[in-house]
Amino acid sequence: MKLETCYDVVVVGAGHAGAEAAMAAANLGMQTLLITQNLDAICQMSCNPAMGGVAKGQIVREIDALGGFSGIITDQSMIQFRMLNRSKGPAMWSPRAQCDKFRFSFNWRHLLENTPNLSLWQDEVIAVDVVQGRVSGVRTRMGIEIEAQAVVLTNGTFLNGQIYIGTQTWDGGRIGERPAVGLSDQLLEMGFEVERLKTGTPVRIDGRTIDFTQLEPQPGDENPSKFSFSDTLSLQEQRPCFLAYTNLVTHEILKTGFDRSPLYTGRIQGHGPRYCPSIEDKIVRFASKERHQLFVEPEGWNSQSFYLNGFSSSLPLEVQLDALHSIKGFENARIFKPGYAIEYDYFPPTQLNYSLETKKVENLYFAGQINGTTGYEEAACQGLMAGINASLKVKGKDPFVLNRTQAYIGVLIDDLVTKGVDEPYRMFTSRAEYRILLRQDNADSRLTPLSHSIGLASDSRMRRVEEKEREVARVSSFIEETPVLPSAANALLEQKQTPALQQKVKLLNLLLRPEITLEDLQSIDPELEKLIVSVPAAIRSEVAEESEILLKYQRYIEKERDVASKILKFEDIALPSDFDYFSLQALSYEAREKLTKMKPATIGQASRISGVSPADVSVLIIYLTRQ
């Protein structure tokens with residue numbers, strides 16, 4: 001059967017990547033179809049029911065600044081908010097929210113169902129149709145042929161997925177859900193490289209059987225913030241999380257299952273996430289540690305289900321239970337669901353262009369865990385970018401690409417496309433060399449104008465950014481220009497244990513002291529307090545935060561911006577796609593091989609390929625400038 005409707009964009013999979021891709025395409029005016037195996041499992045939080053975290057929080061704010069919806073849905077669904085790394089500099093501050101996983105999924109479905117230009121269909125895609133090297137549509141398990149000008153694949157962990165608990169193994173995309181079979185094999189036949197990765201999840205525990213008096217409470221922030229730069233509501237009530245710890249008895253119990261572990265018996269071939277290892281992996285890799293910290297996290301406002309973060313396992317069920325019962329506070333715990341590992345197909349992302357379009361098939365895009373990433377946030381930002389670029393391609397416009405100086409999203413995609421992955425990729429602040437520029441507080445200033453220029457971010461979003469920037473400039477100018485007398489400041493300075501003033505100075509001089517905050521300046525200067533109060537309430541906290549950061553860290557920000565601008569002079573020098581690297585004998589042989597295989601689009605991309613040395617990059621620059 002062939003559908004009469006020909007869609008502009010078809011998105012396969014309704015996880016975090018698929019939902020963002022579909023929304024982006026629809027909001028850019030594309031007739032869009034979102035296909036998923038189960039409409040009741042849209043944007044499920046299959047693992048930890050949380051969004052954000054170190055570097056991941058910056059990504060969610062960037063998604064929101066670009067006109068995506070992960071931040072809005074998180075704000076609507078959160079049950080606790082924390083700004084991580086407050087003890088460090090603002091480049092490291094990372095928002096994180098514990099979410100009601102049931103509301104999160106419901107809110108996403110409600111949004112998708114009520115978006116113009118967007119249709120939903122429950123089915124399984126088993127093949128993509130390609131005509132003369134260009135995608136022309138998809139075929140489904142029900143035997144339906146659907147024509148499309150562009151296709152975005154966001155299959156998550158479902159491609160030939162296999163689930164492991166001890167010696168038990170069965171096919172599945174998530175526990176209780178069937179895998180996607182056929183599509184991966186077809187792409188392999190078309191010449192795509194296909195490899196395997198592994199991830200896992202811990203037991204879900206019945207909260208009625210946990211002794212919370214034995215655990216350490218972890219409350220949210222006293223004044224919780226939010227993710228979206230739009231007018232979503234701030235959290236008024238929060239649920240606590242808790243800390244628990246394994247012990248030597250726990251570790252000995254876990255070891256009794258190693259002879260039946262799919263990890264240690266070799267049945268799982270794919271690499272797991274280095275930075276989110278299973279509990280059995282942790283006690284082997286960190287054998288000297290007597291205990292490991294666990295986070296006990298609620299899965300919803302009205303749910304008794306708790307997620308034991310840090311206790312991911314694929315050991316036999318009886319070993320998981322015995323080990324759980326050895327942890328203080330969990331002696332009588334019952335579980336709703338066992339921990340398990342899942343192994344699945346992914347496509348090494350070096351097969352993609354920066355737009356996330358495949359090099360092998362035109363108008364075919366990959367996004368999310370299919371590219372070897374881990375985490376909702378990493379998936380969602382890829383989906384957003386793939387949805388944008390599929391739409392622009394259909395319109396005959398240039399791709400929308402972010403570089404490493406513009407966004408964490410640019411860092412992530414550059415890492416994937418240039419370096420590839422051999423384990424699930426996770427974003428960290430350390431991956432971003434310009435992280436002082438890529439703070440969570442300024443994501444809207446960095447990215448909303450870019451998104452508005454392609455028609456995705458709305459006019460109201462753009463007006464809000466412009467208003468915020470005007471107010472930041474007004475507050476900053478006041479602080480830079482307004483003097484303060486010793487008599488007005490010294491009482492506070494003594495209280496803050498910082499040297500007293502001997503003469504009149506500008507407010508900025510005080511703010512540059514580590515001990516002094518913008519709030520302190522308001523207590524010194526009533527006019528500054530009036531100025532802050534005059535800022536519209538919807539953006540007041542954002543204006544205050546960004547003004548303080550820009551003034552306190554101005555020298556560092558300017559220095560990093562100068563470095564970035566110098567790098568960009570060479571970063572964007574284009575390399576022809578048909579460049580004959582073997583004709584440049586001055587290049588090392590390894591560089592010639594790698595460059596010929598990877599076909600980097602720019603000097604910047606070439607410089608980040610493993611095996612291409614700075615000397616090789618210099619040879620390319622000299623050759624191109626002479627040409």
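Colleague: Which side chains make a polar contact with the side chain of Arg-446?

Modeller: A polar contact is a pair of N or O atoms within 3.5 Å. In this predicted model, the side chain of Arg-446 makes one with the side chain of Glu-62, at 2.9 Å. The side chain of Asn-442 is another partner, also at 2.9 Å.

Colleague: Is Arg-446 buried or exposed?

Modeller: Buried means under 20% relative accessible area. Arg-446 has 15%, so it is buried. The residue lies in helix α11, residues 443-453. Leaving out residues up to four places away in sequence, Arg-446 touches Glu-62, Gln-406, Ala-407, Leu-437, Leu-438 and Arg-439.

Colleague: How many residues of α1 are buried?

Modeller: In α1, 11 of the 12 residues are buried, so the helix is largely enclosed by the rest of the structure. Among them are His-16, Glu-20 and Met-23. Just after α1, Gly-29 takes a positive phi of about 90°.

Colleague: Which residues line the largest cavity?

Modeller: A cavity is space where a probe fits but cannot get out. The largest cavity holds about 30 Å³. Its lining is Tyr-354, Met-385, Val-401, Leu-402, Ile-409, Gly-410 and Ile-413. Helix α10 (residues 408-419) gives the most, with 3 residues. By class, the lining has 6 nonpolar, 1 polar and no charged residues.

Note on methods. Residues numbered from 1 in each chain as written. Predicted model: local features only at pLDDT ≥ 70, side-chain atom pairs only at ≥ 80, totals over all residues. Heavy atoms only, no water. Helix = DSSP H or I, 4+ residues; strand = E, 2+ residues; numbered from the N terminus. Buried < 20%, exposed > 50% of the residue type's maximum accessible area, 1.4 Å probe, protein only. Polar contact = N/O pair within 3.5 Å; in protein donor to acceptor, adjacent residues only side chain to side chain. Contact = heavy atoms within 4.5 Å. 1 Å grid on protein atoms, 1.4 Å probe; cavity = no way out; pocket = protein on both sides within 12 Å on 5 of 7 lines; lining within 4 Å. Points joined across faces, edges and corners; volume = space filled by probe spheres on them. Nonpolar A, V, L, I, M, F, W, Y, C, P; charged D, E, K, R; others polar.
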